[in-house]
Amino acid sequence: MMIRFAIVPLLLALNFSMCKKQESLSQNPQPAGASSPAQSAATAGASPGAAPATAASPKITRPVVDQTAQTIILGYHRLVDKVRHPDTEMTPQDFEKQMEELKTHGITVIGMQDLLAWKRGEKNIPPRCAVITFDDGWKSQYDVAWPIMKKYGYPLTMFIYTEGVQGGHFGGGQAITWEQLADMRDNGVDIQAHSKTHQDLRKPYNKVTKKHLSPPEYEQWLQDEIAGSKELLEQRLGIKVYCFAVPYGFYNEHIKQIARNAGYEALFTVYGQPITYTSALDSLGRYMIEANKPKVFADAVKMIGAPTSGGVAVAEVGAKDLATQPADGETVRTALPLIKANLGSVGQIDPGSVQMRVSGLGAVPARYDPKTGNVSYQVMQRLRDKSCTVIVSAKSAGKKVEAHWTFGIQEGAAGATSSPTPAPKK
């Protein structure tokens, strides 16, 4: 008992001493750069001139990005042994042959995230490369296309419309499943959005409910198709969705604005063009490969397939700055439109360098007026597709400039014919 009474004052004294020491430390903080006891112990015995244990963090510098690099984006749908719908189907043998051709031509296949990082100025990509995409979500993409891509070591991007996944309104027996998508995700496949029901987003009509939509209903439906599909993919697969492939390539400024507000970084269309560092992220064109149009693939490869040395960089000009006619995203009622653009805002133009290309027609004999800056062409041969892409290029101050835009052709327009629609998944 006496020992216990003797220990208590000793403990109180020790506690008081520790409190005074803590108070002294708080009143006299350690100067910046001084070593703590632990640091002193850690550096004790270190040889003279040795680097300190904690060096200053190096400055992070952004890479010098090759702005003359170019890429093409190829789009596919379904691989089948017997082609019945050539606009959306292809045999596995023909697909693998094209993948081999990319290798033969020295075109590197990169992932979608590499492309986006390059566009942000965060990393380089090879001078000539390609991105491979598959649309909709067919079972053959999992069973057939993916093994071929793995054989070549190529990355792959899937644009999925969520009601087309098995169990959805349009997801029949030939549709991919959520489990298969999760397997692909776990093995590095990039999964992005392609709307919910895959229909022309410009039209206020819901093909699921078969109902014409009032303006307020249309706005809500449009939000669901664009933002809702993104949210569902992110929730079901635990991923971040950056990209939106517009169904059929039909879009307008309102659709692009909703996509931007939904958080998409890039929008993809269905007309092909080489993608440059300055290409607008809200209208990146893809070469959609069809079994009955092998020339599309050949042209895409030809655009960037030949090695170049010191190639001239292409500066892209926004179509809205050129007062284009028809406007980008507009739908016209004639298959024989007057196509026009004003190059006045570009700068001094070399008149002999002005060229216009029209999808389905190729290079056309457009007229350029140096006084007004207008380049125009009256279509004489009826346009046969639902949409038309125009590419205008010229040289200004020794640099090549290029603009592109896409407009729609209303169904039933004189001479216009509708492309076959994809077969429903059964």
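# Briefing: one chain, from overview to single residues

Among contacts in the chain with a separation of 6 or more, 66% join residues 24 or more positions apart. The model is predicted. The chain has 426 residues, and 44% of them are buried. Its secondary structure comes to nine helices and 22 strands. The accessible surface is about 22,300 Å². Carbon and sulfur atoms account for 54% of that surface.

**Helix α3**

- Helix α3 covers residues 92-104, which makes 13 residues.
- At 1.5 Å a residue, α3 should span 18 Å.
- Which residues of α3 are buried? They are P92, F95, Q98, M99 and L102.
- Seen down the axis of α3, these buried residues fall within an arc of 125°, so they line one face of the helix.
- An α-helix has 3.6 residues a turn, so residues three or four places apart point the same way.
- Q93, K97 and T104 are on the other side of α3, and they are exposed.
- G106 follows α3. The phi of G106 is positive, near 70°.

**K230 in helix α7**

- K230 sits in helix α7, which runs over residues 215-237.
- Is K230 buried or exposed? Its relative accessibility is 5%, and buried means under 20%, so K230 counts as buried.
- What does K230 touch beyond its neighbours within four places in sequence? Its contacts there are K240, V241, A262, G263 and Y264.

**A three-stranded sheet**

- Three strands form an open sheet, in the order β16-β20-β19. The pairing is antiparallel.
- The edge strands are β16 (338-342) and β19 (367-369). Each of these two pairs on one side only.
- From one strand to the next, the twist averages 15°.
- Strand β20 covers residues 374-378. β20 and β19 pair in the antiparallel sense over three bridges.
- Look at one bridge in detail. Y368 has V375 in β20 as its bridge partner.

- S195 is not a glycine, yet its phi is positive, about 85°.
- Where is S195 found? It is in the loop between β7 (190-193) and β8 (205-206).
- S195 has a relative accessible area of 0%, so it is buried.
- K210 is also a residue other than glycine, and its phi is positive, near 55°.
- K210 has its place in the loop between β8 and β9 (211-212).
- The relative accessibility of K210 is 66%, and exposed means over 50%, so K210 counts as exposed.

**A cis peptide bond**

- Which peptide bond is cis? The bond from Q325 to P326 is, with omega near -10°.
- P326 lies in a loop. That loop is between β14 (314-316) and β15 (331-334).

Note on methods: Residues numbered from 1 in each chain as written. Predicted model: local features only at pLDDT ≥ 70, side-chain atom pairs only at ≥ 80, totals over all residues. Heavy atoms only, no water. Helix = DSSP H or I, 4+ residues; strand = E, 2+ residues; numbered from the N terminus. Expected span 1.5 Å × (residues − 1). Buried < 20%, exposed > 50% of the residue type's maximum accessible area, 1.4 Å probe, protein only. Arc of directions from axis to C-beta. Pairing = 2+ DSSP bridges. Axes fitted to C-alpha atoms, helices over the stretch in contact; angles between N-to-C directions. Contact = heavy atoms within 4.5 Å. Areas by Shrake-Rupley, 256 points an atom, 1.4 Å probe, with all protein chains shown as cover.
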